[in-house]
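This report describes a single protein chain, from its overall build to individual residues. Please consult the sequence and the coordinates alongside the text.

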Amino acid sequence: PGTIYDESILISYKLIIYRLLHLGLFSSLLYSTFKVGSIKENNRRLLMLSTFLGAVLFFLLKPYLGFATTKNDLYKALNLSVLTPSYEIRYADNLTYNNINLLVIETFYYLKEIKQKTQLLAPEDIVSYIFKDSNQKGALFGSKAANVAKPWMNEIYLDFQSVENTLEHELTHLFAAQIGSTPFKIADDFNMAMLEGYAMAIEDNYSGYDIHYMALLAKESGYNFNIPELFSRFSFFAQNSSLSYITAGSFVKYLIKEYGIEKVNKVYQDLDFEKYFGKNLDELSKGYIEFLSSLDYPINKHRANLFFGRRPIIKKVCPRTVANESKTAWNLYNQQSYFSALTSFDNLYQYSNSYSALLGMLLSNNKIGNYSKSLKLIRENMSEFEGTSSYYSALLNLGDEYSYNNEFNNAIIQQIDIKILLILE
């Protein structure tokens with residue numbers, strides 16, 4: 001569903017057939033719509049009726065064709081439940097009493113906090129599906145990586161490992177359904193920057209940091225962003241995802257402070273900035289940039305690289321192929337087939353320049369005992385990752401390789417250099 005960011009979703013024959021069926025039904029509907037008056041009335045009605053019946057039949061048969069998971073299937077897999085007057089938590093039987101008790105308390109706390117921040121009523125009949133891990137979520141929901149809210153259904157889908165980081169964010173999407181437009185009760189015009197920016201502003205937390213600080217850190221470190229462009233259609237996906245989330249969230253937080261949550265709620269529903277704020281998006285952006293520049297936060301460019309030094313998915317080399325071939329290589333490594341794993345990682349690195357593949361080569365060489373090859377490999381490829389989030393992991397691995405090769409003085413110097421980069425700059 002939706003704009004799922006998950007590189008490991010395999011482009012399988014099942015997915016291709018599913019999309020072709022959608023395309024066929026939609027094309028038939030378009031044809032019958034645009035041909036109004038140019039074909040016989042009876043034929044047009046028959047075509048439209050056939051398309052409608054085909055769509056209904058496909059919807060009903062989806063679970064039996066392996067294209068969907070029914071609520072009954074979800075309830076069988078997540079067979080335990082906590083039920084309160086306002087929400088239900090469905091969860092797998094691997095979670096302990098303490099796990100669930102904490103989850104109930106956190107849910108209650110966030111519902112109260114979000115209600116106060118948004119000035120919206122708490123949604124009724126919320127259902128939280130908490131999968132035991134990402135693999136179970138991938139099998140039943142379709143995506144391992146993405147945690148998702150469905151505002152039009154008052155449902156959220158999370159795996160237990162990521163609950164701490166995403167519960168408040170996804171619950172905020174459900175609150176925002178009250179002010180949402182479109183059939184899916186989200187931000188007007190399907191605007192992803194407003195949709196995610198609103199949730200980020202209410203959450204106001206990115207890895208423990210204030211989102212204004214993170215936005216300023218990006219701006220002052222050369223990770224430029226353009227607010228009017230970010231809020232135009234689907235430009236949200238044209239840059240690093242963390243940068244999009246943070247800058248959209250920081251901008252919406254600024255709007256809430258300057259104009260109040262009531263007006264921001266109206267803009268969420270009707271994306272007309274000038275109507276509710278008296279300024280267009282360009283003018284609001286200038287005021288926001290001036291506000292950011294006035295903040296007195298210490299700036300560490302290396303911390304910015306750590307958070308923002310990643311390519312957006314649309315600029316990566318064959319991201320889904322890389323993700324799945326990387327998974328195959330790591331499976332070989334975990335099965336202790338180190339020579340085969342080394343070959344797979346090497347082939348992957350040649351065309352993708354993936355840091356995960358380089359790391360796999362280092363670890364495979366180490367298991368085989370080729371410590372000198374690993375040291376040479378990491379030295380020769382360090383420059384490839386300079387300025388990216390992977391550079392700091394590469395520095396740590398360079399220190400490890402020095403140790404494996406009995407170059408302990410170099411290893412100690414390496415650790416000191418990393419501390420200076422990330423802490424003292």
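## Overall architecture

The model is predicted. Its protein chain contains 20 helices and five strands. Taken along the principal axes, the C-alpha atoms of the protein chain fill a box of roughly 80 × 55 × 55 Å.

Of the 425 residues in the protein chain, 44% are buried. Among contacts between residues at least 6 apart in sequence, 64% join residues at least 24 apart.

## Packing of α10 against α11

Helix α10 spans residues 241-259 and helix α11 spans residues 261-269. The two helices pack at an angle of about 130°, and their axes lie 7 Å apart. That angle makes α10 oblique to α11, because it falls in neither the roughly perpendicular range of 65 to 115 degrees nor the roughly antiparallel range over 145.

On the α10 side, the contact involves V252, L255, I256 and Y259; on the α11 side, these residues meet I261, K263 and V264. By class, the residues of this contact divide into six nonpolar, no polar and one charged.

## The second largest pocket

The second largest pocket has a volume of about 680 Å³. Its lining is made up of 19 residues, and the closest to its centre are K316, N353, S354, Y355 and S390.

Two helices, α15 (319-334) and α17 (355-368), each supply at least two residues of this lining. The largest share, three residues, comes from α15. In composition, the lining of the second largest pocket divides into six nonpolar, eight polar and five charged residues.

S128 is part of strand β3, which covers residues 126-131. With a relative accessibility of 2%, S128 counts as buried, because the limit for that class is under 20%. Residues up to four places away in sequence not being counted, S128 touches E88, I89, R90 and I156.

L95 occupies the loop between β2 (87-91) and α4 (97-118). Leaving aside neighbours within four places in sequence, L95 is in contact with I100, I130 and F160. L95 and Y349 are separated by 254 residues in sequence, and their C-alpha atoms lie 38 Å apart in space.

Most residues other than glycine have a negative phi. Two residues with positive values are described here.

N154 has a phi near 60°, a positive value in a residue other than glycine. N154 is located in the loop between β4 (148-150) and β5 (155-159). The relative accessible area of N154 is 17%, so this residue is buried.

S207 has a positive phi of about 55° although it is not a glycine. S207 is placed in the loop between α7 (192-203) and α8 (211-220). With a relative accessible area of 53%, S207 is exposed, whereas N154 is buried.

Notes
Residues are numbered from 1 along each chain as its sequence is written. This is a predicted model: local features need pLDDT of at least 70, side-chain atom pairs count only at pLDDT 80 or more; totals for chains, interfaces and linings use all residues. Side-chain values use heavy atoms; hydrogens and water are left out. Axes are lines fitted to C-alpha atoms, for helices over the stretch in contact, and angles run from 0 to 180 degrees between N-to-C directions. Helices (H or I, at least four residues) and strands (E, at least two) are DSSP runs, numbered from the N terminus. Angles under 35 degrees count as roughly parallel, over 145 as roughly antiparallel, 65 to 115 as roughly perpendicular and the rest as oblique. Contact means heavy atoms within 4.5 Å. Ala, Val, Leu, Ile, Met, Phe, Trp, Tyr, Cys and Pro count as nonpolar, Asp, Glu, Lys and Arg as charged, and the others, Gly among them, as polar. Buried means under 20% relative accessible area, exposed over 50%, partly exposed in between (1.4 Å probe, protein chains only). On a 1 Å grid over the protein atoms alone, a cavity is a set of points where a 1.4 Å probe fits but cannot get out, and a pocket is an open set with protein on both sides within 12 Å along at least five of seven lines; lining residues have an atom within 4 Å of a point. Grid points are joined across faces, edges and corners, and a volume is the space filled by probe spheres set on the points.
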